[in-house]
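This is a walk through one structure, from the whole chain down to single residues. Keep the sequence and the model in view while reading.

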Amino acid sequence: MPISHATISTTEDIVRPTLVEVSLARLRDNFHAIKEYVAPAKMMPILKANAYGHGLVQVAQFMQELGADYIGVAVLEEGVLLRQAGITIPILVLGGVLGNQIPHFLNHDLTITASSIAKLQNIDGAAKELGRIAKVHLKIDTGMERIGVHYYNAEGFLRSSLACQNIFVEGIYTHFANADAADLRHARLQLQRFQDVLSFYSRHGVERPPLVHAANSGAVLQLPEARFDMVRPGIMLYGVYPSDVGRSVIVKPALTWKSRVVYFKVITPGHPVGYGSRWQTDVATRAVTVPVGYGDGYFRSMSGSAQVIIRGAKYPVVGAISMDQIVVNIGDDSAYNDDEVLLIGETNGTSITVEDLAAWAGTIPYEILTNINTRVPRLYME
Ligand SMILES: *Cc1c(COP(=O)(O)O)cnc(C)c1O
């Protein structure tokens, strides 16, 4: 299904000056760069948490249009939303499943992650009751200790999966804890454990499920042996690297976060800024107010370190970041109401990256992206 332009917001629809621009060109380039690098492996773009803040439905429509083989989401509701939006390609829900959720998976043709023998039996029973065949990927825990059957108990799990009459075991997968690390010893250990589990199929002369997969972004970048039949890139699809190692595929950020100057004033000594009066100036200085805050996902913990770009130059955010507003010290420079303010983005070689915000907030790029919330409109740029 081609991308429906009715779902793409236009500038005229958006009145709020604080917005996220998603570059479809960047998403397309990143998608193709990864796809070419991992070929002939298939690709399952990971779209959990509102597509890492980029907009779940719009990114899914675009991925489908680009020819993605599969889509991965974290929770049932994300999958249902995509089906309701008309996404027809296969969707795997990566998280654990509870008994009362199974009929919803079946009714919306969502692929289920089975992470224990008991859950396999639940799924098999529910599918039988509904007269359906459930599509399942088996989850093996090779060293993440989150969900999945431990690699050292996997034999019985795989055996029971073969006995389920109402289940199609389409896939089997595992997940790396350290594939983005400089030290790949634990990742290689996980890979070895996974390969040992997979040897069950050849040892018993049983056909392996058609979709074996393991690689997140870190493994795509650093562990070519972990590609198997399909890869599961998340953050790198959006043009952000999972860590500072591994640049074997070049991807570029798809997201720009912008606002506008809404107020200008001069601040004089003895007049501290913001809640808690945490900052004041020694000399009279110009300042502007920008309508963004932690209520949008602009972390309060960045107070004292955050910077923004106005008219091509970087300036510090001063005082505590409020829920809805920040104050920027522009010194002796000029800025006017309506001037564009870049929170994440680049202009003429000056940039503020997701990594910068993560460093200021004391977190990782993933958390910055997934916290830009729905109060911030998304605009999709061709
Ligand atoms: C989130 C996730 C991914 C993608 O991880 P990135 O580091 O963003 O590439 C892949 N697989 C599973 C199971 C995940 O939970």
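A cavity, as the word is used here, is a set of grid points where a 1.4 Å probe fits but cannot get out, and a volume is the space filled by probe spheres set on such points. With that in hand, the largest cavity in this predicted model has a volume of about 30 Å³. A search of the whole structure finds 1 cavity of 30 Å³ or more. Its lining is made up of K139, I140, D141, T142, M144, R146, I147, T174 and H175. Sorted by class, the residues of this lining are 3 nonpolar, 3 polar and 3 charged.

Now for the chain as a whole. The protein chain holds 11 helices and 19 strands. Its C-alpha trace spans about 80 × 45 × 40 Å along the principal axes. Of the 382 residues in the protein chain, 53% are buried. Among contacts with a separation of 6 or more, 67% are between residues 24 or more positions apart.

The pockets, unlike the cavity, are open sets of points. The largest pocket has a volume of about 540 Å³. There are 27 residues in the lining of this pocket, and K48, Y52, R146, H175 and N216 lie nearest its centre. Two elements, α2 (48-52) and α9 (217-222), each give two or more residues to that lining. By class, the lining of the largest pocket has 14 nonpolar, 8 polar and 5 charged residues.

The lining of the second largest pocket divides into 10 nonpolar, 6 polar and 5 charged residues.

E21 sits in strand β1, which covers residues 19-23. Is E21 buried or exposed? E21 counts as buried because its relative accessible area is 15%, and the cut-off for buried is under 20%. The side chain of E21 makes a polar contact of 2.9 Å with the side chain of K258. Leaving aside residues up to four places away in sequence, E21 touches A254, L255, T256, K258, L379 and M381.

Another part of the chain shows how strands are joined. Which strands are joined to β16 by bridges? Strand β13 (residues 285-290) is joined to β16 by 5 bridges, and the two run antiparallel. Within this pairing, A287 stands opposite N329 of β16. Strand β15 (residues 313-318) is joined to β16 by 2 bridges, again with the strands antiparallel. Here V317 stands opposite V328 of β16. In a regular strand, side chains alternate between the two faces of the sheet.

Notes
Residues are numbered from 1 along each chain as its sequence is written. This is a predicted model: local features need pLDDT of at least 70, side-chain atom pairs count only at pLDDT 80 or more; totals for chains, interfaces and linings use all residues. Side-chain values use heavy atoms; hydrogens and water are left out. On a 1 Å grid over the protein atoms alone, a cavity is a set of points where a 1.4 Å probe fits but cannot get out, and a pocket is an open set with protein on both sides within 12 Å along at least five of seven lines; lining residues have an atom within 4 Å of a point. Ala, Val, Leu, Ile, Met, Phe, Trp, Tyr, Cys and Pro count as nonpolar, Asp, Glu, Lys and Arg as charged, and the others, Gly among them, as polar. Helices (H or I, at least four residues) and strands (E, at least two) are DSSP runs, numbered from the N terminus. Buried means under 20% relative accessible area, exposed over 50%, partly exposed in between (1.4 Å probe, protein chains only). A polar contact is a pair of N or O atoms within 3.5 Å; within protein, one must be able to donate a hydrogen and the other to accept it, and residues adjacent in sequence count only if both atoms are side-chain atoms. Contact means heavy atoms within 4.5 Å. Two strands pair if DSSP finds at least two bridges between them.
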